[in-house]
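Hello,

Here is the structure for you to look at. My notes follow below it.

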Amino acid sequence: MTEKPVVLIAEELSPATIEALGPDFEIRTTNGADRSQLLPAIADVDAILVRSATQVDEEAIAAAKKLKVIARAGVGLDNVDIKAATAAGVMVVNAPTSNVISAAELTVGHILGLARNIAPADASMKAGEWKRSKYSGVELYEKTVGIIGLGRIGGLVAERLKAFGTELIAYDPFVTSARASSLGVELVELDELIERADFITIHMPRTPETMGMLNADSFKKMKKTAFVVNVARGGLIDEADLNDALRAGEIAGAAVDVFVKEPAKNVPFVELPNVVTTPHLGASTAEAQEKAGISVAKSVRLALEGDLVPDAVNIAGGAIDNAVRPGVPLAENLGRILTALGTGEAFTRVEVKIAGEIASKDVTSLKLSALKGVFTDVVSEKVSYVNAPMIAEQRGVTVDLVTTEESEYFRNETILTAALASGGTLQVAGTVTGPKLTQKLTRVNGYDLETPITDHLLVLEYEDRPGMIAAMGTLLGSSSINIAGMQVSREEKSNRAVSVLALDSAPTPEVVESIKKIVSAHRGAIVDLSN
């Protein structure tokens, strides 16, 4: 009986996460924040699901001898050593859109709270006081809100604040003016935003370039009535400089949900009355946690089944463009056809060429898919989109991705070329056509074709002469194998031909060898794509 893959749940996750995994996995649990429990628990598992408290670092990855997937039920990956995971061939996935609404709503809540002094007024009431005049606030109407980072969350914040009648400005060097305009936002330089805004909210990734993005110089340029909000990443606002600016009265107040070190302790500005702090609650809603759990559970299923995972962060490609997606299974099938035609010969180089309209998009997924196909039928281990490049490296196979928007005959075409260790090359090409996204083989070793790719293909290259097709049919018929379709492509100068036969079932190797012998095939193979 086949053992089920083991999935380790290292932190409390939504019950929907377990449901999304389904019955095909053995589920174990541990306290990931406790290293003495985590390290032995991770030793023999196939996947681990974490939130933010579990440190999946180099030590933990080294201890996990069977680990294939690290899944973070959330957005941030500060607690996962992506470099070590990649080196070990372990896929890392997260749920990049699970918390966007929750984070945007928390941002708006903090802005409103600062504007109307909600938190300090509540604390005063709880202390038995009644100080209406002390906690008089300001309206958001006609105030200028500066959004640093106009990505998914920044855009959602803009959409929500627009309803308050605010003037919206933003700094984001990667956003077009058309995108900003569609949100009702004016794009400005960072210094201008800092000087003009009454409220500043930051929504940037944490990188060496963005750390301390708002600092002492920034606070000096702000209005004394300005408020700053950070629910994105700890460290985007320099904590020491923020403390100094607040105590010096350079800005009016701040709301902070994320910190450089978490759990945050002894942060000096927490005690200030014009500061509202929350313990990293950006994704802490029932809806966000459920979305995150379901999302990564689906990714774990895909990864352990060897399929492409759109939310994987440590393989090039990431989310797959809709125009590119139909080419993923095609590229894998072409890889398997290429290997079958190699008949056991070693490859030294594989070129994946993408021609046509999709060449302008990120087509790295097609390269990974082609590699998966190349090695699927030649290695004993299960080939995935993460380990396929590593298998190529281990076998000394150089892999190149080439793109061109020029395609002579088809809207898009994927061409795989392999250099053989014995000398010479092999080449296959294919395309996806029509409303049913039919995969077609368009070229074999320079011979032009246009034949559907089916589960069982017999590909033969031989000297063309009378009687060859009849001989193939006779041998297949005597073996009770029906020919569903056939195409012949001839090279008149050399008198050679390539035949591709679509069969209802796979012939035995003995039948294939007999056919190759009768037609004097230079090269030939049965390609079984049924599994």
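**Helix contact**

In helix 16, Met468, Ala471, Met472, Leu475 and Leu476 meet Val511, Ser514, Ile515 and Ile518 of helix 17; contact means heavy atoms within 4.5 Å. By class, eight residues of this contact are nonpolar, one is polar and none is charged (Ala, Val, Leu, Ile, Met, Phe, Trp, Tyr, Cys and Pro count as nonpolar, Asp, Glu, Lys and Arg as charged, and the others, Gly among them, as polar).

This is a predicted model, in which local features need pLDDT of at least 70 and side-chain atom pairs count only at pLDDT 80 or more, while totals for chains, interfaces and linings use all residues. Residues are numbered from 1 along each chain as its sequence is written, and side-chain values use heavy atoms, with hydrogens and water left out.

**Glu450**

Glu450 lies in strand 18, residues 447-452. Glu450 is partly exposed, at 41% relative accessible area (buried is under 20%, exposed over 50%, partly exposed in between, with a 1.4 Å probe and protein chains only). Beyond its neighbours within four places in sequence, Glu450 contacts Phe410, Lys440, Leu441 and Gln487.

Regards

Technical notes
Helix = DSSP H or I, 4+ residues; strand = E, 2+ residues; numbered from the N terminus.
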